[in-house]
Amino acid sequence: MRDLGVGFGYLLKGQRWVARHGRQYGFGLLPGLLTLVLYLAVLVCLVLWGDDLVTALTPFADDWASPWPGLFRGFLTAVLFALVLLLSVVAFTAVTLLVGQPFYEALSERVDRSVSPDGSAPESGLTFRRELWLGVRDGVRIAVRAAVWGVLLFALGFVPVAGQTVVPVVGFFVTGFFLTEELLAVPLQRRRVELRERLALLRSRRTLVWGFGTPLGVAFLVPVVAVFLMPGAVAGATLMARDLMGEESGAPDDEHSPATDTPEEEPPGDLLAPPE
């Protein structure tokens, strides 16, 4: 159970790291803000036209006696909206990481350098296009796994008592696991750790993963909160990746530095340049 506290500690350390690096934090907010706008647009469309979509997909219910068509379609609309909300937590992270890959890659690399004893950071040696493709491919695979779990948990939610108590708790832990995997993909991809290996690594330290990802998943239920926590979550995942890989880490090289960086320490454009 000690790993639960250690995992949560990495989440806090990541937030503290970005708090000391104002410029990285500012750049790290941009992908989340863009993704938030896209998600709000999707949710608004679902609210406005969800009923019409369900009606178009269920023409067989037109001949049913009243009030069954309305009840049936209302139930399906509620199911559709609940599934979208459930998947949006994991998908928000995946889409934000995809949109902000150059930003988060640079942020993760800088975290590695700040805690590495020799000031170095692992490099994948892959081209930017190859890294982008791997990110999209793995993101889709994780989204499919999350969708299967989402449908299963939603169905179990109709079980009396357990569906209203145990299932929601399990859902938060499952969400936390997938969230952590998405965030760890940034530093572990630079270490050439494939998806299958990442999942095996996370399963070997489940309590550590839950300690990091579960409270983050609860916070991510509010998209606006997710935007502001994303940069720190990436930083914390990088610190945790070093633990999982057995890499030596020291205190950040600027543990006692001011909350904002000076121009000499951080050139304005270093986060905008894509990784080599």
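Here is a short walk through this structure, from the whole chain down to a few single residues.

What you are looking at is a predicted model, where local features need pLDDT of at least 70, side-chain atom pairs count only at pLDDT 80 or more, and totals for chains, interfaces and linings use all residues. Residues are numbered from 1 along each chain as its sequence is written, and side-chain values use heavy atoms, with hydrogens and water left out.

Let's start with the overall layout. The protein chain has nine helices and zero strands; here helices are DSSP runs of H or I with at least four residues, strands are E runs of at least two, and both are numbered from the N terminus. Of the 276 residues in the chain, 44% are buried (under 20% relative accessible area with a 1.4 Å probe, protein chains only; over 50% is exposed, and in between is partly exposed). The accessible surface comes to about 13,900 Å², and 70% of that belongs to carbon and sulfur atoms (areas by the Shrake-Rupley method with a 1.4 Å probe). Take the contacts between residues at least 6 apart in sequence: 83% of them join residues at least 24 apart. Contact means heavy atoms within 4.5 Å.

Now for the inside. The largest nonpolar core has 46 residues, and L183, L184, F212 and M230 touch the most other members. Such a core is a set of buried Ala, Val, Leu, Ile, Met, Phe, Trp, Tyr and Cys residues joined through side-chain atoms within 4.5 Å. Helix α9 (residues 223–244) gives the most to this core, with 11 residues. Leaving out residues up to four places away in sequence, L183 touches T93, L97, F212, L216, M230, A233, V234 and A237.

Next, look at a pair of helices. Helix α6 (residues 162–190) packs against helix α8 (residues 206–219) at an angle of about 105°, with the axes 7 Å apart. That angle makes the two roughly perpendicular, a label for 65 to 115 degrees. Among the residues making the contact are F172 and L183 of α6 and W210, F212 and L216 of α8. By type, the contact residues divide into 10 nonpolar, six polar and no charged.

Finally, find Y25, in helix α2 (residues 22–57). Y25 counts as partly exposed because its relative accessibility is 24%. Beyond its neighbours within four places in sequence, Y25 is in contact with V18, F228 and P231. Y25 and G232 sit 207 residues apart in sequence, but their C-alpha atoms are 7.8 Å apart in space.

How values were computed
Axes fitted to C-alpha atoms, helices over the stretch in contact; angles between N-to-C directions. Parallel < 35°, antiparallel > 145°, perpendicular 65-115°, else oblique. Nonpolar A, V, L, I, M, F, W, Y, C, P; charged D, E, K, R; others polar.
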